[in-house]
Amino acid sequence: MDSQTLLITAVCFIGGLLAARGFTGLKRRRLQTLEAKVRQGDAASMVALGRKYYEGKGVPQNKETAFAYFKQAAKAGLAEAQVLTAAMCRGGDGCPQNDRETFHWYQAAAQQGNYEGKINLIMCHLKGIGTKADPQKAFSLALEAAEAGSPFAQVMTGDFYANGTGTQQDPQKARHYYLLAAVKGEPQAKKRLVKLEPLLQHHDAMIQ
């Protein structure tokens, strides 16, 4: 085998090996483009690159590196990154477990109107995650999100009313919010309505 044929064979072998590992020329160029945007301070690219490291797609899996990119984007004000950072802080996933950071980043995302941020902030206030437990505050936030049309928040609001958590127990109002969520196809709403029926019957008997 002459030297030219040997070189071509080697290049084909290496190219096949890289392709088998997911490192095609196109993927390498995309990764390089992403890295360049990150260096320019593009927060969305930080999240995209962070996801690659988190999942080990096109790069060696490294959750610590993923967290660093998410947090960098969170500090830049990207709500999606703030939610991801909060979730990793809550679970100690790629970083030390930190409830205060969890609360901080969910609150930051919620203040920008992010849906996941709002829902998780409600749970932080309800369960005292990174802040003092405040069922009344949790109820207030859930009611606000429910009135804005969130089916999941409507189920949560129904739960608050059904259990008398953070507000006065009121099965009729619980039923109202469960029905709103059920109409939108929220699967948990129908289950809640079935569970609520004995409480409604008891309530009706009490006021007769």
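**Figure 1. Helices H2 and H3 pack against each other at an angle of about 130°.** In this predicted model, the axes of H2 and H3 lie 8 Å apart. Two packed helices are described by the angle between their axes and the distance between the axes. The crossing in which H2 passes H3 is left-handed.

**Figure 2. Glutamate 35 is a residue of helix H2.** Helix H2 covers residues 25-39.

**Figure 3. Glutamate 55 belongs to helix H3.** Helix H3 takes in residues 43-55. With a relative accessibility of 43%, glutamate 55 counts as partly exposed. How far apart in space are glutamate 55 and alanine 66? From C-alpha to C-alpha the distance is 8.9 Å, while the sequence puts glutamate 55 and alanine 66 11 residues apart.

**Figure 4. Helix H3 also crosses helix H5, at roughly 30°.** Helix H5 is made of residues 79-91, and the axes of H3 and H5 come within 11 Å. That angle makes H3 roughly parallel to H5, because angles under 35 degrees count as roughly parallel. The H3 and H5 crossing is left-handed.

**Figure 5. Helices H7 and H9 cross at roughly 20°.** Here the partner of H7 is helix H9, residues 151-163, and the two axes come within 11 Å. How are H7 and H9 set to each other, roughly parallel or roughly antiparallel? At this angle, H7 and H9 are roughly parallel to each other. Their crossing is left-handed.

**Figure 6. Leucine 143 sits in helix H8.** At 23% relative accessibility, leucine 143 counts as partly exposed; the reason is that buried means under 20%. Now find valine 155, 12 residues from leucine 143 in sequence. In space, leucine 143 and valine 155 are 9.9 Å apart, C-alpha to C-alpha.

**Figure 7. The second largest pocket has a volume of about 150 Å³.** Which helices give two or more residues to its lining? They are helix H6 (99-111), helix H7 (115-127) and helix H8 (135-147). Among the lining residues are Ala110, Gln111, Lys118, Leu121, Ile122 and Glu144. Leu141, Ala145 and Ala148 line the pocket too. Sorted by class, the lining holds 6 nonpolar, 1 polar and 2 charged residues.

**Figure 8. The chain as a whole contains 11 helices and 0 strands.** Now step back from the close-ups. Read from the N terminus, the elements run α-α-α-α-α-α-α-α-α-α-α. What share of the 208 residues counts as buried? The figure for the chain is 35%.

Notes. Residues are numbered from 1 along each chain as its sequence is written. This is a predicted model: local features need pLDDT of at least 70, side-chain atom pairs count only at pLDDT 80 or more; totals for chains, interfaces and linings use all residues. Side-chain values use heavy atoms; hydrogens and water are left out. On a 1 Å grid over the protein atoms alone, a cavity is a set of points where a 1.4 Å probe fits but cannot get out, and a pocket is an open set with protein on both sides within 12 Å along at least five of seven lines; lining residues have an atom within 4 Å of a point. Grid points are joined across faces, edges and corners, and a volume is the space filled by probe spheres set on the points. Helices (H or I, at least four residues) and strands (E, at least two) are DSSP runs, numbered from the N terminus. Ala, Val, Leu, Ile, Met, Phe, Trp, Tyr, Cys and Pro count as nonpolar, Asp, Glu, Lys and Arg as charged, and the others, Gly among them, as polar. Buried means under 20% relative accessible area, exposed over 50%, partly exposed in between (1.4 Å probe, protein chains only). Axes are lines fitted to C-alpha atoms, for helices over the stretch in contact, and angles run from 0 to 180 degrees between N-to-C directions. Angles under 35 degrees count as roughly parallel, over 145 as roughly antiparallel, 65 to 115 as roughly perpendicular and the rest as oblique. A crossing is left-handed if the near helix is turned anticlockwise from the far one by less than a right angle, and right-handed if clockwise.
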